Amino acid sequence: MVSTLLVVVDGLRATDVRKMPFLTQLAHRGVSYRQARSVAPSLTRPAAASLASGAPPGVTGIPGNRLWADGHLIDTGRPDHLVELLRSLRGDRLLPVPALGEHLADHGHKLVAVGTGSNGCTLLLNPGAVDGHGAAIGARPFGHDAFYARPESVRRRLAGSLPQAADGPFPELDWATDLIVDYVIPELAPDVLVLWSGELDDVQHANGVDGPAGDDALSEIDRRLRRLIDRVREQTPHTDVIVTADHGFSNATHTVDVADIESLIPPSLTDAVQLVDNAPGTDTHSVGALVRLMLGATPAQVAPALAPAGRTSGEHWIVVHGRHILRRSTPAPPTGDDPAQLATLGTALGTPYLYIDGLSLRALIPSAPDTRPSAPAQAADLGWILGFSAPAAAPDLPRADRQAERARQRAIAADTPPSCTPPTRSALMRSSRPPTPKSSPGPASPRWTRPAHRAPRSSWTPCEPG
Ligand SMILES: [Zn+2]
């Protein structure tokens with residue numbers, strides 16, 4: 001018997017439920033949770049993994065719809081990426097914590113997830129389906145490449161009877177309903193049944209919210225949910241029904257491309273969270289400041305938030321300025337559209353706090369006073385000439401910012417990347433006065449193309465304090 005039917009309408013805002021007569025009626029007959037919240041980041045697959053496991057993205061290690069893990073760019077919408085790449089990287093676990101389906105399996109019960117969103121999303125709702133715990137069925141029958149089901153016995157059972165074509169606006173949701181009523185409930189006999197509807201999200205991404213297309217979609221989905229829930233309750237009248245969403249939507253008057261942020265999250269969000277948590281004195285102020293940096297604020301602008309007034313600040317940061325040099329041997333400069341290169345660069349510099357605008361790069365590297373960037377030579381391989389500041393406490397970031405810029409200009413003039421070794425704290429304390437620069441900074445003009453000679457990458461020139 002289906003004890004619980006969980007319906008997730010992807011992208012449904014709480015305020016839009018009033019446009020859905022059936023859901024409104026359902027809410028009036030039942031209980032509404034006003035404090036239900038999505039996870040952060042409020043994206044589809046992080047939310048799906050958290051819904052399945054009860055753990056936040058920092059624990060599930062699904063921090064984005066795409067993520068960078070151990071040299072692989074993983075699209076979590078693709079089951080093959082999830083299983084063959086991510087799961088194998090994590091020692092045969094897709095999520096580091098058991099999901100509801102696995103808990104139920106331990107107690108002899110069964111969860112079946114049926115989804116019309118991406119197949120990866122459906123699998124994240126019941127990752128144990130890969131090992132035969134319950135099932136995950138990606139209800140996208142049209143064009144059989146898109147159809148996905150685990151375990152294999154379920155895939156084989158359904159593969160021969162997929163519909164070829166359909167009429168109407170949301171045929172997959174219709175098919176999912178028929179599948180649930182005609183096959184899943186009678187044959188798979190789940191105790192918990194999850195239906196994830198991806199249609200509204202698609203429509204709202206394409207058309208925005210509060211317009212005719214979105215409103216039509218709300219009506220169509222409402223009608224289909226009435227049919228689904230009525231038909232499920234005909235078979236199992238005592239099923240509890242929960243309707244929720246993974247996140248909402250908002251209209252934006254202008255947008256920021258956050259692809260670079262999403263892709264720069266290190267191997268798993270667990271690592272990212274540790275990185276942030278390990279930064280001494282981390283709090284919401286400083287995390288917000290770092291996000292602002294990634295969105296283009298300068299270190300000088302974020303410095304006040306990194307060291308709020310009255311707080312003793314022990315953390316140190318190395319500011320990095322970079323310029324991409326186009327050479328035949330180097331790839332094109334990374335952009336927000338090229339997450340793989342961005343992530344590689346972030347890994348090379350040992351920081352997710354990286355902002356690139358065209359040919360210019362700026363980064364903050366969390367640093368103990370005596371550390372230096374981990375592998376800047378790799379950044380040079382990608383075509384970046386870099387200048388590093390000395391490690392600076394947050395209040396000194398404006399000075400470090402200027403220092404990094406001077407180091408960058410020297411590096412460009414000499415074309416000997418990387419340009420400077422951040423001095424140790426003791427060296428800084430010894431040099432109370434800045435040394436006289438050996439040469440004036442080179443102009444930031446686009447004349448550096450094929451250098452006749454390139455110094456070895458290990459040739460670091462001293463940083464100019466102050
Ligand atoms: Zn979503």
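Helix α2 (residues 44–53) is largely enclosed by the rest of the structure, because 10 of its 10 residues are buried (20 or more other C-beta atoms within 10 Å of a residue's own, with C-beta atoms placed from the backbone; exposed means 12 or fewer, partly exposed in between). Helices (H or I, at least four residues) and strands (E, at least two) are DSSP runs numbered from the N terminus. Among the buried residues of α2 are T44, R45, P46 and L51. Their cover includes β1 (4–9), α3 (57–60), α5 (100–106), α6 (119–125) and α9 (199–207). Just after α2, G54 takes a positive phi of about 75°.

## Basis of the model

The model is predicted: local features need pLDDT of at least 70 and side-chain atom pairs count only at pLDDT 80 or more, while totals for chains, interfaces and linings use all residues. Residues are numbered from 1 along each chain as its sequence is written.

## The six-stranded sheet

An open sheet of six strands has the order β6-β5-β4-β7-β1-β8, with mixed pairing (two strands pair if DSSP finds at least two bridges between them). Because β6 (148–150) and β8 (240–244) stand at the edges with a single partner strand each, one side of each is left without a neighbour in the sheet. The twist averages 10° from one strand to the next.

Strands β4 (residues 111–115) and β7 (residues 192–197) pair in the parallel sense over five bridges, and G115 stands opposite W196 in β7.

Beyond its neighbours within four places in sequence, I180 is in contact with V114, I185, L193, L195, L228 and V232 (contact means C-beta atoms, placed from the backbone, within 7 Å).

Strand β10 (residues 354–357) pairs with β11 (residues 360–367) in the antiparallel sense over four bridges, and D357 stands opposite S360 in β11. Two residues lie between the strands of this hairpin, and G358 in the turn has a positive phi of about 65°.

T351 is placed in the loop between α15 (339–349) and β10. T351 is buried, with 23 other C-beta atoms within 10 Å. Leaving aside neighbours within four places in sequence, its contacts are G346, A363, L364, I365 and P366. The C-alpha atoms of T351 and P366 are separated by 7.1 Å, at 15 residues apart along the chain.

Note on methods:
Two residues are in contact if their C-beta atoms, placed from the backbone, lie within 7 Å. Axes are lines fitted to C-alpha atoms, for helices over the stretch in contact, and angles run from 0 to 180 degrees between N-to-C directions.
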